[in-house]
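The following explanation is intended to be read alongside the sequence and the three-dimensional model. Please keep both in view.

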Amino acid sequence: MNAIDASEHHERVDESVPPSLLAIVLDTNPHAWAHLSSTLPLATALANILVFINAHLASGNANSVAVIASHSNKSCFLYPTPAPSSPRPQPNATNGDVDMNGTTETTSYSVQDNPNKYRPFANVETAILNNFAKLMEGTKESHLEATPTTLIGGALSLALSFIAKATLLHSPSTSNSDEAMLAIADPEAIHTSYVSLASRILIVSVSGDLANQYIPVMNSIFAAQRKRIPIDILKLAGDTVLLQQASDATGGVYMKPERPEGLLQYLMMAFLPDPTARKSLVMPSAGGVDFRAACFCHRKVVDIGYVCSVCLSIFCSHDLPDNLCLTCGSYLSLRAAQSNPPALIPRKKKKKKRAGADSATPGGSTPAGSNTPMHA
Amino acid sequence: MSASSFQALDYLEQLPVQTHRKLYEQPSTVLAIFRCMLPHLAKSIVMALLYMPSSFPAADLDAWFRAESSQTKRNALSILEKLHIIVSKQDDERKPHYELYMSFASSLRQALEGSGSHRSFGVPSHKSEERRVSVEFLDKYSQRQWENILFYLVGGTVGFRNPGGQDIGQGTKNLLHLAGFYNHSRITQDGFTFVLRDTNAQVWSLLVAYLRNAPQQRMSETDILNFLFMLGSLELGQDYSTATLSATQLQMLEDLAEFGIIYRPHKSASTFYPTRLAVTLTSDAGAFSQATTTASSLGGGATSKGFIIVETNYRIYAYTNSLLQIAILSLFTHMRTRFPNLVSGKITRKSIGKAISYGITSAQVIEYLETHAHPQMQKKKPFLPPTVMDQIRLWEYERERMETSQGFLMKGFGKVEDYKEYVQYAKDTGVLVWQNDKLRMFFIDSIEQVGAKIKRDMQRAAARA
């Protein structure tokens with residue numbers, strides 16, 4: 001009879017691996033790929049990434065994938081094919097509903113006819129290739145001349161919103177509207193009770209400095225950190241401080257391969273293991289991370305800057321128009337800080353005038369106004 | 001991995017190397033084995049090795065894994081070695097290296113890249129649209145065929161007659177007999193295990209029985225496995241040509257059609273349709289659970305996600321009108337009322353006792369109730385009320401009041417001290433089963449050590465005298 005103990009039987013060890021959602025942000029910046037064309041042309045890279053996507057889909061039955069292109073003039077979904085309500089109507093997209101199971105029905109050519117290919121793989125590949133071709137056709141020279149960088153911030157937020165939607169749809173509570181509402185109201189609580197979908201973001205980046213998108217990218221990083229979504233970075237070319245910080249803050253993998261030709265092996269070994277497998281593997285990380293921030297006024301990476309005391313915006317110079325913070329509009333006199341470098345306050349008069357200590361602090365010893373020089 | 005893939009994995013592991021080699025020539029088979037048979041970490045290892053230009057030194061592999069997960073690593077490696085997927089080699093400096101088997105690696109690459117000309121993912125047939133059968137029809141068909149098999153097993157015991165009228169074929173009957181599910185026109189304990197599982201696990205256990213039976217039918221196991229794994233990668237609602245199939249596979253078509261795993265318009269048709277049972281063979285999703293919407297609209301509540309509500313007062317409400325499910329439920333429930341879409345009953349001591357006398361265990365009953373628990377029940381963890389679960393177990397233990405163990409009764413000790421010494425010795429060596437101090441008797445299940453001690457003591461006593 002002692003064998004019957006209510007506590008013993010009910011906690012079943014759940015050995016099943018949660019399905020994982022991989023959102024790939026592919027930097028398709030034509031300028032950067034043109035630089036890489038001698039070692040790793042975009043076509044080869046895309047083919048390798050497709051094999052990697054197949055490997056990811058094969059690693060778990062319910063695994064799903066989303067691919068987002070971060071182009072020079074826009075960011076858009078390559079897979080799943082976006083709804084036809086997008087600016088350019090697509091005759092191929094069927095019902096426009098985003099299908100989470102990776103079985104978006106593409107009625108385009110040759111998907112059904114290849115007996116050498118697993119159907120789900122063929123579906124994803126065709127969709128990605130079609131959308132990619134469409135993206136390239138839509139790229140005009142004027143777009144390229146406008147900017148040499150890529151819109152990684154927009155792509156990241158697309159990825160995050162897709163993941164958030166997929167997580168909500170996936171969690172068992174969706175049938176019940178109350179709990180769905182609860183999930184929206186308090187995402188953390190839901191997250192701890194059902195760890196149902198393990199999501200991660202992989203950024204394949206080729207572009208250089210992204211300081212002009214410091215604010216949107218940083219916001220995305222914090223959102224990912226809060227949602228516990230690791231951001232993996234594969235840096236094929238260029239160097240940015242921001243993406244290093246992204247992988248470091250979210251616990252993702254950062255890799256900057258010396259030989260981009262071996263892209264597939266890097267992907268397979270370092271980026272394929274999902275969060276479950278990563279618990280038992282040693283993953284490469286960024287090592288020394290540059291934590292410097294970019295200023296809000298000129299998008300320059302700064303060592304020492306000025307911080308608005310109200311909204312924590314960072315500025316590189318004290319020349320603010322009308323002494324107003326650019327972000328929140330509150331009064332901010334930085335010139336005072338410039339003329340009065342922070343100094344250690346001598347703490348002689350400790351016991352003397354206790355009552356009036358606050359008001360009587362001399363303006364010279366504390367940086368006047370509402371700013372503090374920041375050392376990052 | 002679900003229970004169903006474990007069965008198939010067990011079967012695969014005991015196959016000889018030659019069969020594995022032959023199996024790995026088919027990319028669809030390799031992909032299916034990779035997708036559903038391998039433990040999670042093993043997949044990571046295989047993928048890391050797949051495109052590696054040279055072999056992988058074992059030392060590097062150890063470095064790749066965290067120290068605390070060496071147990072899971074060893075487990076993954078041992079499965080990979082048992083399936084002959086990786087091979088450990090020694091290089092010139094006698095250091096161990098890991099490599100993937102050539103054929104496995106090239107087939108997996110072909111599967112991922114979609115290259116080659118193996119045509120192993122099924123050749124779709126091109127037919128005009130209007131002659132195609134619909135997905136609903138396939139669902140209905142496979143459900144009917146599969147429920148016929150289950151009903152054949154259960155119906156006789158409960159005393160129901162199949163209203164569908166259709167009996168299953170002689171071949172299927174023989175197979176159920178060979179698998180040990182049905183014997184002397186009665187369902188066996190294994191049969192109950194089979195019936196109470198979820199559909200995907202049922203399909204696999206029947207197919208494993210089919211595979212074991214293959215050599216007698218002079219069918220090639222490799223061909224069967226290849227075909228099954230190919231079925232798992234097909235598209236529902238698409239018809240496929242039989243032109244590329246081998247003789248064994250053509251023979252299989254008939255059997256599988258009878259199980260409801262595939263559908264053929266007529267016996268000599270040149271095409272076949274995989275049903276939902278087939279396309280979910282290599283995925284963990286319960287075969288019919290994805291068909292929820294169609295199934296419920298058909299009224300076949302049996303196949304919807306979950307339909308049983310168990311209350312803490314032992315009452316059971318099952319939203320179903322499937323005779324099969326009612327028959328299964330009535331194996332261990334005292335049925336009271338039946339409505340168009342609902343049956344209700346109560347779990348009683350008597351009904352559980354009856355089930356146990358058939359050979360059903362309490363664990364099976366609980367598992368069945370858990371797998372088919374209504375979504376409302378699935379919100380809580382555990383799904384079933386703990387009191388009910390415990391009571392079902394208690395009712396089972398009730399029938400097992402007597403426990404027998406073979407051994408030796410020691411009695412006739414002259415002095416209390418002697419008795420106590422020997423009891424203590426038996427207790428220490430862990431052989432004591434029962435003792436009675438009043439009668440100076442005890443019972444042990446192994447005599448060797450206690451006997452040796454008695455002999456030693458007697459010799460010592462004799463020497464002293």
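The model is predicted: local features need pLDDT of at least 70, side-chain atom pairs count only at pLDDT 80 or more, and totals for chains, interfaces and linings use all residues. Residues are numbered from 1 along each chain as its sequence is written, chains are lettered from A and ligands numbered from 1 in the order in which they are written, and side-chain values use heavy atoms, with hydrogens and water left out.

The interface between the two chains is considered here. Chain A contributes 41 residues and chain B contributes 49 residues to the contact, where contact means heavy atoms within 4.5 Å. About 4,000 Å² is buried between chain A and chain B, and carbon and sulfur atoms give 59% of that area. Buried area is the accessible area (1.4 Å probe) that two parts lose on being put together, summed over both. On the side of chain A, the residues that lose the most area to chain B are A:Asn61, A:Asn116 and A:Tyr118, which together give 17% of what that side buries.

The elements that give two or more residues to the side of chain A that touches chain B are α1 (6–10), α3 (42–58), α4 (119–137), α11 (263–271) and α12 (275–278) of chain A. Helices (H or I, at least four residues) and strands (E, at least two) are DSSP runs, numbered from the N terminus. The residues on that side of chain A comprise 19 nonpolar, 13 polar and nine charged; Ala, Val, Leu, Ile, Met, Phe, Trp, Tyr, Cys and Pro count as nonpolar, Asp, Glu, Lys and Arg as charged, and the others, Gly among them, as polar.

One salt bridge is found across the interface of chain A and chain B. A salt bridge is a side-chain nitrogen of Lys or Arg within 4 Å of a carboxyl oxygen of Asp or Glu. The bridge joins A:Arg119 to B:Glu235, with the closest N and O atoms 3.4 Å apart.

Chain B has 21 helices and 15 strands. Of its 465 residues, 52% are buried, where buried means under 20% relative accessible area, exposed over 50%, and partly exposed in between (1.4 Å probe, protein chains only). Among the contacts in chain B with a separation of 6 or more, 64% involve residues 24 or more positions apart. Chain B also includes an open sheet of three strands in the order β6-β8-β7, with antiparallel pairing. Its edge strands are β6 (240–241) and β7 (262–263), each of which pairs on one side only. Two bridges join β6(B) to β8 (residues 271–274) of chain B, strands being paired if DSSP finds at least two bridges between them. B:Tyr240 stands opposite B:Phe272 in β8(B).

The whole structure holds 12 salt bridges over all chains. One of them joins A:Arg278 to A:Asp232, the closest N and O atoms being 2.6 Å apart. This pair links distant parts of the chain, with A:Arg278 in helix α12 and A:Asp232 in strand β5 (residues 231–235) of chain A, 46 residues apart. A:Arg278 is buried at a relative accessible area of 9%, and A:Asp232 is buried at 0%. A:Arg200, A:Asp232 and A:Arg278 are linked in a network of salt bridges.

In chain B, B:Arg349 forms a salt bridge with B:Glu398, and the closest N and O atoms are 2.5 Å apart. B:Arg349 lies in helix α17 (residues 349–358) and B:Glu398 in helix α19 (residues 386–398) of chain B, so the pair ties together parts that are 49 residues apart in sequence. B:Arg349 is exposed at 52% relative accessibility, whereas B:Glu398 is partly exposed at 24%.

Finally, strand β9 (residues 304–308) of chain A is largely enclosed by the rest of the structure, because four of its five residues are buried. Two bridges join β9(A) to the antiparallel strand β10 (residues 314–315) of chain A, and A:Val307 has A:Ile314 as its bridge partner in β10(A).
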